[in-house]
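Reader: I am new to this structure and would like to go through it by question and answer. Please keep to what can be read from the atoms.

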Amino acid sequence: QTAFAPFTVSDIRIDGLQRIGAGTVFTYLPVERGDTLDAGKAAEAMRALYKTGFFQDVRLDRQDGILVITVVERPAINKLTLSGNKDLKTEDLTKGLKDIGLAEGETYNPLNLDRVTQELTRQYNNRGKYSVQITPSVERLDRNRVNLTITVKEGKAAKIRHLNLIGNEKYAEEDITKGWESHTSNWLSWYKRDDQYSREKLSGDIEKLNSWYLDRGFVDFSLDSTQVSISGDRKDMFITAGMTEGEVYNFADVTVSGDTVLPKSEIETIVGFIRPGNVFSRGLLELATNAITARLSNIGYAFARVNPIPSIDRDKRTVGVDFQVQPGPRVNVRRIVFKGNTRTADPVLRREMRQFEGSWYSQAAIDRGKVRLDRLGYFETVEVESEPVAGADDQVDVVYTVKETTSGSISAGVGYSQLSGLNLSLQLSENNFLGTGNRVSTAVTRSDYQKRYDFSFVNPYFTDGGLSLGYNVWWREFDYSSFNVAQYSTNSGAFQVFMGIPLSESDSISVMLGADTNEILAYEGSTPTPLVDYIKAVGQRTFHTWKAQVGWGRDTRNNYFTPVVGSTQNISAEIALPGSTVEYFKLSYDVSKYWPLSQALVLKTALNLGYGDSYGKTFTRNICYTAPTLVDTNNDGVADTSVPGPAGTDPCLTTSPDFKKTVTAQGLPFFENFYAGGISSNGRVRGFTDNTLGPSWSSSYGYKQPLGGSMLLAGSVEAIFPKLFDSPSARVSAFLDFGNVYDGYDNFSANELRASAGIALLWRSPMGPLSISYALPLRQKDGDQVERLQFNFGGQL
Amino acid sequence: CASIKNKFKDKDKNEGLPVSELYDRAHGYMEKGRWSNAGEVFGRLIAQYPYGPYTEQALMEQAYAEYKAGKHEDAISSIDRFIRTYPTHRNIAYLYYLRGLSNMARNTVFMARAFNLDTSTRDLAAPLQAYTDFNTVATRYPNSRYTGDARQRMVFLRNEFARFELNTGLYYLRRGAWVSAADRATYLLETYPQSQYQNDAVALLGEAYTRMGNTALAADARRVLEQNDPQHPWLAGHWPKDPSVFKRLNPFTGESR
Amino acid sequence: CSSIKNMFGGRNKDKSGEPAKLVDFAPTVTVKRLWTASVGKGEKHLGIGQHPVVEDGRVYAAAVDGGVSAFDLNNGGQLWHYASELQLSGGPGAGSGLVVVGGLEGEVIALDAADGHEKWTAKVNNEVLAAPVIGGGTVFVHSNDGRVTAFDAETGARRWFYSVDVPALTVRGTGGMTLGPGILFVGGDNGTLTALNVNDGNVLWTTPVAEADGRSELERMADVDGEPVLQGTTLFASSYKNHTVAIDGPSGQVMWDSEHGGARGVGVSNSAVVVTDKTGNVIGLDRNSGGSLWQQASLLNRNVSAPAVQGDYAVVGDFDGVVHWLRLNDGAFAARSKLGEAITGTPVVSDDIAVVQTSDGKLAAFALQ
Amino acid sequence: CGLLYRQPIFQGNMLEKTAVDQLQAGMDRQQVMVLLGTPSIRDPFHHDRWDYVASQRIGRTGAPVVKTMTLWFENGQLARWEGEYFPEQDSDLAKNAIRYFGPNLAKDKDKKRGR
């Protein structure tokens, strides 16, 4: 490029343009007609044109007054193919490449290709794949186009062969490295991949090593050298860490200084748990500083900072700590903003907030808001950040970013079978219907032996204060119920209204009023006789009931689907009010508590009790009946028609000639019995077929029918492993279930309790929550119906 | 199963065709309303013929096809690519306008219209972006033929943002958080002046002050409202009305009150 | 669908890393295995490259799990055995009546060469992988954190130490050391060769064997792990970054450098210098000019050890436990003998007997007819 | 009815006696802001008047208690101020915070909160 003498530009001409329009070049060109062009301006023009990334080569010439710019355009990318990449998915890669400017139709800039190769190598090295080879290739096409192919040969990840801590006299290497993520190959490595080296994992482990010693009093602990080396053929990794432990130090006196806002004595009580004399621990220091900052941030000091200033006394080996408190300004929350709620309406989130706008900042209230959003079950993740407001150092905006997920389940099915003919079923239950926060569920099922129409609606915030109101109505016609419960068919319908009144952040009362009618068709031969007798004793088939229910509940779980801490408890009493056909009551109590034992293990203990009895009068009735006799009407020697016997004497007395027996009806009506066994009944004992545990009755040809019972005792101990799957929507657990139902509490006997153990998977599929369990019965009696693999779709957890 | 996928859609039926034929095929799809096919064929055209008169037109129509096919993110990235390559193209205004349309339609709830859901109470990130796009059209290309519609959409969007502020203020008023309600009203008046809910905001402010017992400010707010909107229901004392019980118990009424 | 493919796809071994099959040839020299002995369980895959040391007719060998033993060079009879539970990974080194070995926890143990009783022990604060060097009344130990510590040979008291800086990622193994007249030559993991004054550890000179440059940590690795070989006043050393140099001992000037080399060290004869590179090629260089004479490429990916010179042959071991003899003049295979487990340590040659140690602690001595 | 749980609602600024006592006529807006912080109510129609309103509604019954401290400015300088404000109650607020809103969540190390 000739360093020509400056001249005024009378005109500008651009040669060599193909794809790029002249107008485009002019917008980026810092030179116009009439400017004087000197060497400096020319260099600036060159740089500007190169910066556009469109051109491979730019040359400026001068033809007396006219500035001639000859450019060579860079080729466009016709096709971009990626092959051989397993660890890094093609979609993420293409997206990443697009951001760097390597996508079909973009201009091809060799610099980008080199940057991409280097970036991919770095990403693979970070995953421990050191012998990766990435070879990009460019194929020239006509019309100034290129095809790009990037072939990746990943090679095997380098395995950690040797992990050696040197200088650890006081603690054995196994104890120190127990919580580490990098290990030498062990039998679990095929799954956990913990023998694959990665720099982040190792730096995390080194940090754990530091806090291991600093939490046990080794103030002078120093990590002298960490040596990472790789074998010549890049297949094996060797990690050694040399350290000097130093001596154990104890705490000396603990003081508090700086502007503590609260009276100093209060702050001193907060850090009281650090007593002079016990072993120094950085963890305790962190706990103390967090406790103080939390206390201050609860009353508006969002930017409070506490730095513990240690004063080490070498010969007495003690560490005095002075907590220096810097409260910063008292902060107000200007606005609360929600992000990511493309489906859920703003009031549904805002009504869960405990922090208000225009009021002083309270960290506890903001955390409570996050927990309450987690407990709605509408969101996979909830993140909260407070961002300072520009221009006001004492105001912040609190921003909740949520990631929505399926908050209900939908299943529809059309089928045909000889047994049930054409059957159609639609089940929709949605906890966040159309984003309004209302819970709506409806079910329509039609088949030969069953018709069912359900609809239920709950508005959790009927009043802004949180009083919930809802109703549900259903009509069901069952013919020989398929829930392997006793053989009778029912036509039942109900209308119920219920209200929930919050008593505190976690406690609430629920009140329900409803009326239902239940017509039961029992068939002499196949329905168990206790049921037939019961109906005969009551004297009518349809049972009208006015029902009232009062319940108290407490729920302190920290998340709806995957709780790790907290518990739920419910006590409820249900009464068939006087005037119902049968006057009975049902009490039920269930509790489940989560014990977070460690990052990777949460224990869940659950208990479920139920008892019901009638408080009204007992029905007794005598049955007089003469069986029909078989007569040969067309006297062909075969008795083929039955002639009904004479009607029973009325009133039937025990002394009447055709008296058969007296039947009584007392206790809880059989259609209100508790059931146990299986995955979906209220007495959950997985590994046994649904509803089949407890008292049963076998008909003459031996077909056993479960009756359920008026008393239920069931429980389970479950070990949940939140870390096994890294996605929040799946959870694996191992469980031990036990339970049974009894006919009244006097028949209760502990060794009748059934038990089973197994593993269960809970998966929040896009269609709804699905729980699958595989269980082996531990205590079973002969005649129990065992069903090892069970699953339950859309039901409660 | 990648191989199965290929069998149905034979990959290279669009390769190696002359540019005009490709263009006509894509245009045919557009007439028949098969937007995603059209978008795809345009894409192949641009890749095979990276320059020439057809390419500019194809890029624009690809963006439009993707918008109509509901693939809003793809449409926006096609538009961005066009703007980067042809910043001084004569109908660049159309591109910014199309970008505003895509952003406006980006994450409306599936059955929003069927249940007249109030889109202003959902995440406003996309509508805000749409507002800036329309603003670019209105300010940078004042005499383009899209400016009129862009301005109207800006007014509509501003009213949406204002209604969101008002509804949130009303919510806080009902909850008894009067300072929050007053702040929301003030924010509405300062950020969206002359919006459709200007007077409602003043009424909300007055109501909040009254409940707060700040009679002086309440009286001034009432005076301002009397000048601007004498028939406002708040003056007669029956505003704001709480949502009816029927509305709160019936899931299908939507909630644009 | 792609994940299913991955599950099965992962099985097909990518052909690039496959060790080469042994090519057959007519042996031109007969090899006689004098004796074999066992030293213990050996290093397995700790990647140390442990090898014995020969000092006036005796072979001293140590194994990570098996203590230290002494054998007679000619008949392999065991003279003494020092048992220890410590993981003795470094060396042994022998000299001036002492046999010194280093451990994985930084232990340094000096034994009497005559009967193997323990004279003194000391401690350094990282693994000892390289063989200690003994001379001039001092024992030099180069531990894995790059620190060279000098101990008094009699008492084991620490005299001085010098630290070679170590890059974040290195090749497994620590730089080998060789004693010159009053000078200690130390190979460094950062690709340099340093000369230290024996008495006070002051640096005389530092010369890079290979420039440790490159974009990623991986490309910057240039370890000089093998013992530098001193012939007269010239020093030969080689680096992982395919580079070998001849340096003038006293001044540290590079006389020549060649584009071939490997981390594990060099074998030097009176006319040639032999190296193995990281892919397994064995390359012969001219001793005076550094020009490459020949290249034996049919041991690719067999994890070949550094070569030693026995007569006019070069001896190497490989991952399959096979010992190869190559002719020094043209690099052709001369003889081969299968020993057992992988051989990672450099063979040791003395009075024309080559002693090889395998990674499961087996020793074998070979002589050429 | 007194049964229904009503969450505690705190609104507005918390003024400190020491700060209010340092108020002097003639201060400009910036100095007042440093002393008392940003006022919770800045009425759009009165640019020369700041209201430091604070209200509290705790417990199950009763209307919120509102206290307002109003400041007037004349051509940019503080002219007069009057009103009342809640007395210093930091320590019992701090004690009750956990009772009202439940425990604080653990701060996760990597995400800086409050900033």
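Author: What follows is a set of questions and answers on chain contacts, salt bridges and a surface patch in this predicted model.

Reader: Which two chains have the most contacts among the pairs that touch?

Author: Five pairs of chains touch. In one of them, 47 residues of chain A are in contact with 40 residues of chain B. Among the five pairs, the most contacts are between chains A and B.

Reader: How much area is buried between chain A and chain B?

Author: Carbon and sulfur atoms give 56% of the area buried between these two chains. The total between chain A and chain B is about 4100 Å².

Reader: What salt bridge involves D464(A), and what is its N to O distance?

Author: Three salt bridges are found across the interface of chain A and chain B. In one of them the side chain of D464(A) meets that of R174(B). A salt bridge needs a nitrogen to oxygen distance within 4 Å. For D464(A) and R174(B) the N to O distance is 2.5 Å.

Reader: Which element gives the largest share of the side of chain A that touches chain B?

Author: There are 14 residue pairs in polar contact between chain A and chain B, counting pairs with both residues at pLDDT 80 or more. The elements of chain A that give two or more residues to this side are α1 (22-28), β6 (76-83), β15 (332-339), α10 (346-350), β22 (450-459) and β23 (468-478). The largest share is five residues, and the element that gives them is β15(A).

Reader: How many charged residues does the side of chain A that touches chain B have?

Author: By class, this side has 17 nonpolar and 15 polar residues. The charged residues there number 15.

Reader: Which three residues of chain C supply 20% of the area that chain C buries against chain A?

Author: Contact here joins 31 residues of chain C and 32 residues of chain A. The two chains bury about 2600 Å² between them, with 49% of it on carbon and sulfur atoms. On the chain C side, more of the area comes from one trio than from any other three residues: R172(C), R215(C) and L218(C).

Reader: Which residue of chain C meets R199(A) in a salt bridge?

Author: The count between chain C and chain A is one salt bridge. Its side chains come to 3.3 Å, N to O, and the partner of R199(A) is E217(C).

Reader: How far apart are the nearest C-alpha atoms of chain C and chain D?

Author: Contact requires heavy atoms within 4.5 Å. Chain C and chain D do not touch. Their nearest C-alpha atoms are apart by 25 Å.

Reader: How many residues apart in sequence are the parts that D507(A) and R554(A) tie together?

Author: Over all chains, the structure holds 64 salt bridges. One of them joins the side chains of D507(A) and R554(A), at 2.4 Å from N to O. D507(A) is in strand β25 (residues 507-521) and R554(A) in strand β26 (residues 542-555) of chain A, so the pair ties together parts whose separation in sequence is 47 residues.

Reader: What is the area of the nonpolar surface patch that includes I772(A)?

Author: Among the residues that make this patch are W190(A), L761(A), I772(A) and F791(A). The elements that give two or more residues to it are α6 (189-192), β38 (754-765), β39 (768-779) and β40 (789-793) of chain A. I772(A) itself is found in strand β39 of chain A. The area of the patch is about 1300 Å².

Definitions and conventions. Residues are numbered from 1 along each chain as its sequence is written. Chains are lettered from A and ligands numbered from 1 in the order in which they are written. This is a predicted model: local features need pLDDT of at least 70, side-chain atom pairs count only at pLDDT 80 or more; totals for chains, interfaces and linings use all residues. Side-chain values use heavy atoms; hydrogens and water are left out. Buried area is the accessible area (1.4 Å probe) that two parts lose on being put together, summed over both. A polar contact is a pair of N or O atoms within 3.5 Å; within protein, one must be able to donate a hydrogen and the other to accept it, and residues adjacent in sequence count only if both atoms are side-chain atoms. Helices (H or I, at least four residues) and strands (E, at least two) are DSSP runs, numbered from the N terminus. Ala, Val, Leu, Ile, Met, Phe, Trp, Tyr, Cys and Pro count as nonpolar, Asp, Glu, Lys and Arg as charged, and the others, Gly among them, as polar. Patches are made of residues with over 30% relative accessible area and no salt bridge: like charges are joined within 9 Å, nonpolar side chains (Val, Leu, Ile, Met, Phe, Trp, Tyr) within 5 Å. Accessible areas come from the Shrake-Rupley method with a 1.4 Å probe; for residues, only the protein chains shown count as cover.
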